[in-house]
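Here is a quick tour of a two-chain model. Have the viewer open and follow along.

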Amino acid sequence: MPGILPPAGAPWPERRRRALGDPTMREAVGKSTRSLAEKKAAAYAAYPLGEAMRVRAVAARREALGHTDALLEEFTRQVEARGGHVARADGPADVGRYVLAVARRRGARRVVKSKSMATEEVALNEQLEAAGLHVRETDLGEYIIQLARERPAHILVPASHKTRQQIRTLFDDEAERSGDPPPGGDATPELTAFARRQLREEFLAADIGITGGNFLVAETGTLVLITNEGNGRMTTSLPPVHIAVVGIDKVVATWDDLAVLLQQAPMSGTGQLISTYTSFITGPRRPGEVDGPEEFHLVLLDNGRHELLGTAYEDVLTCIRCGACLNVCPVFRTIGGQAYGSMYSGPIGVVLTPLLGGLAHAPELPKSACAMCHACRDACPMEIELPRLILALRRTEIEESMEPPTVRLTFELWGRFWAHPAGFHLTARLAQLGQRAFMQKGRLTRAPGLVGGWTATRDSPPVARETFHQWWRRTRPGSPP
Amino acid sequence: MSRADPADRRGQEQAGLVQEFMDHWEALSGDAWLALGGVDDVRRAVGEAVRAMIPDRASGTPAQVVAWATEELAPLGLPALLASLGCECVWWTDWPGGAAGAGDPRAASAAGPADEPGPAKAAVLQPQELAAGSDLGITTCAWAVADTGTIALYATPSTWRLPSLLPTAHLALVRPSQIVRSIPDGLRLMAEHRAQQGDLPSAVNLVSGPSRSADIEGDLAVGVHGPRRAGVIIGEW
């Protein structure tokens, strides 16, 4: 049984149409992804040690997958030995139940969160709000998204599709709701100052801080948290209770493993050699300490991960959520993150969404949201073979007969027809002759029959006037065909 | 120059690490001061840092500075120095009930219950309010990294978390000998600490410059949640 992901919202054609019809978003996403991809390349070029560590990090991550259960047991023992609590959650409902039980026992009403994909995955905010808790996202981008009641558009830069004018409007509305002075203008310092004031109050008043986690170190029971803004430190230092929700795939064995892994996420994600803040949290506040949480809880989230261990898809669990594959993906650069209908977008989302939520949850992603260009394979610091996994998902989808049998039969016959030279030549000849009727400005924009389904959403360059075979025979008379 | 004196070479290496650490810290929009001439030189640098990092107060009330009450900072005589700069210096101590007050950090350190409570105003403040109301937090660090411009802060009863997080600015004092080459080198020092003390601290924070965000149109903004300014003094004292 796979896990459970939140519903995608609108159906795929609708999401795609909306994305393609939003030039502001597309320009913003195009700009931010290109800039991040360039920064990543520059960081690895400037820091050779980073590349050497990356190679060792890939080995450490894959090695850890081989004994995930033992590492989780060790991690649990270590946290409990220091007075922390560890719970295992099979899916979204388990996480919600656990957090609400802690909240009830503590009489908690206000929750601050630092950015976490795992809690997005289990729709924790919705679960807590339904139970009457006040939940505030504190990462600046997530705060903007929360005010806009939207989903993150990018793993690392959730509000990268929002312009400063849109952000100012959201902040003005929030100021009116809360009775606080609005931002003085739409310059970055003014917007940032408004968020700082608002969120500072939230931090100081919060009863519970909820975070995700970038890594777990089994040998000491340590939670590793990477942020740039400092909201992660606030969330784990100020409220009396800290609850971390972390996927079981984030566990590594030792500090030696972590040492080579730690810088890969910032280097690949934003081109920083290290994030502004990296926190290693080993249990709750100790006797004599005046700050830090009294209670430390770690919720280990499965939600479809465990059953991927030992399968052909296992390597996807080594993902460090850096977003490097998003930044180089031509599809992501064109449609942005929200069209994917999942908190995991881009190439990693195309693979992870159906693997965690079930293929029936998002069959369109492997089928339609990949151009098989392999750019993501080259960008992934963990060397996850994303194109291969996407192909495997396409194949599984066909095999599970989620397509009507006629389509399957058509592809089979087509495959046999083109496997024969005569069939392929005939097709090319017919296309050369017939394509003129379907061309517009030098592109094929329509096509007859089944092929018309393909061109309904894409243009194709025309078939060349001369085929390769014709060219070969013309330029090399006498040579074997 | 066929054979360099090993001590010389170490000295040169250390000087190189200091320079690289400063360069990288400044590249991350942090402020840095060098003060290798002893206690007085470090006190001079603290004065410069305070003047640079705390904005002028129109109201005329003294700026508030919160510092770690540790043996390590004691020789600098910060309370008198800060008073001469027009700042009020507060320390957090682990006295029962949590009192805070101006004074000699040695008297206020974890050594034992002190018999003189701090000023009445400070006595009612929780550590959180104390740090949040401060313009500057002064700490030392456990180690620093040249390659990345990073300082490591260990949470203990006297070296608490909030002075480096809640005040408007944070100033860390770093000794040249604490600067190592890379993050893995620093993590090895952490492993040594664990071997000696029996455990890691409850929290270790690596800090590389001031709080930053690029969430608004990819435009770099400093000081979203944490300190708006982050300074280091590399000094011998």
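The notes below go through the chains, the sheet, the interface and the core.

## The chains at a glance

Keep in mind that this is a predicted model. Chain B has 237 residues, and 52% of them count as buried. If you look at its contacts with a separation of 6 or more, 68% of them are between residues 24 or more positions apart.

Chain A is split into two domains: domain 1 covers 22–306, and domain 2 covers 420–475. Their centres, taken over C-alpha atoms, are 50 Å apart.

What is the strand order in the open sheet of 8 strands? Reading across, you get E8(A)-E5(A)-E6(A)-E9(A)-E10(B)-E7(B)-E6(B)-E9(B), and the pairing is mixed. At the edges stand E8 (251–252) of chain A and E9 (179–180) of chain B; each has a single partner strand, so one side of each is left without a neighbour in the sheet.

The chain crossing is where E9 of chain A (residues 277–281) pairs with E10(B), antiparallel and over 5 bridges. To find that spot in the viewer, go to A:Ser279, whose bridge partner in E10(B) is B:Asn205.

Further into chain B, E6 (residues 143–145) and E7 (residues 150–154) run antiparallel and are joined by 3 bridges. Here B:Ala144 stands opposite B:Ile151 in E7(B). Helix H6 of chain B (residues 183–197) lies across E6, E7, E9 and E10 (203–207) of that chain, and runs at about 165 degrees to E6(B).

## Where the chains touch

How many residues of chain B are in contact with chain A? There are 43 of them, facing 52 residues of chain A. On the chain B side, H5 (127–132), H6, E10, E11 (212–216) and E12 (219–222) each supply at least two residues. Sorted by class, that side has 21 nonpolar, 15 polar and 7 charged residues.

Two of these contributors, E11(B) and E12(B), pair in the antiparallel sense over 3 bridges. B:Ser213 has B:Ala221 in E12(B) as its bridge partner. The two strands form a hairpin with 2 residues between them, and B:Glu217 in the turn has a positive phi of about 50 degrees.

## A covered helix in chain A

Is helix H8 of chain A (residues 140–148) mostly covered or mostly open? Mostly covered: 7 of its 9 residues are buried. The buried residues include A:Leu140, A:Tyr143, A:Ile144 and A:Ile145, along with A:Glu142 and A:Gln146. Just after the helix, A:Arg149 takes a positive phi of about 55 degrees.

## The nonpolar core

In soluble globular proteins, nonpolar side chains tend to be buried together. In this model the largest nonpolar core has 192 residues. Which residues have the most contacts inside it? They are A:Val245, A:Leu301, A:Cys325, A:Val351, B:Val174 and B:Ile233.

Take A:Val351 as a worked example. Setting aside its neighbours within four places in sequence, A:Val351 is in contact with A:Val316, A:Leu386, A:Leu389, A:Ile390 and A:Leu393.

Notes. Residues are numbered from 1 along each chain as its sequence is written. Chains are lettered from A and ligands numbered from 1 in the order in which they are written. This is a predicted model: local features need pLDDT of at least 70, side-chain atom pairs count only at pLDDT 80 or more; totals for chains, interfaces and linings use all residues. Two strands pair if DSSP finds at least two bridges between them. Helices (H or I, at least four residues) and strands (E, at least two) are DSSP runs, numbered from the N terminus. Two residues are in contact if their C-beta atoms, placed from the backbone, lie within 7 Å. Axes are lines fitted to C-alpha atoms, for helices over the stretch in contact, and angles run from 0 to 180 degrees between N-to-C directions. Ala, Val, Leu, Ile, Met, Phe, Trp, Tyr, Cys and Pro count as nonpolar, Asp, Glu, Lys and Arg as charged, and the others, Gly among them, as polar. Domain bounds come from an automatic or database domain assignment. A residue is buried if 20 or more other C-beta atoms lie within 10 Å of its own, exposed if 12 or fewer, and partly exposed in between; C-beta atoms are placed from the backbone. A nonpolar core is a set of buried Ala, Val, Leu, Ile, Met, Phe, Trp, Tyr and Cys residues joined through C-beta atoms within 7 Å.
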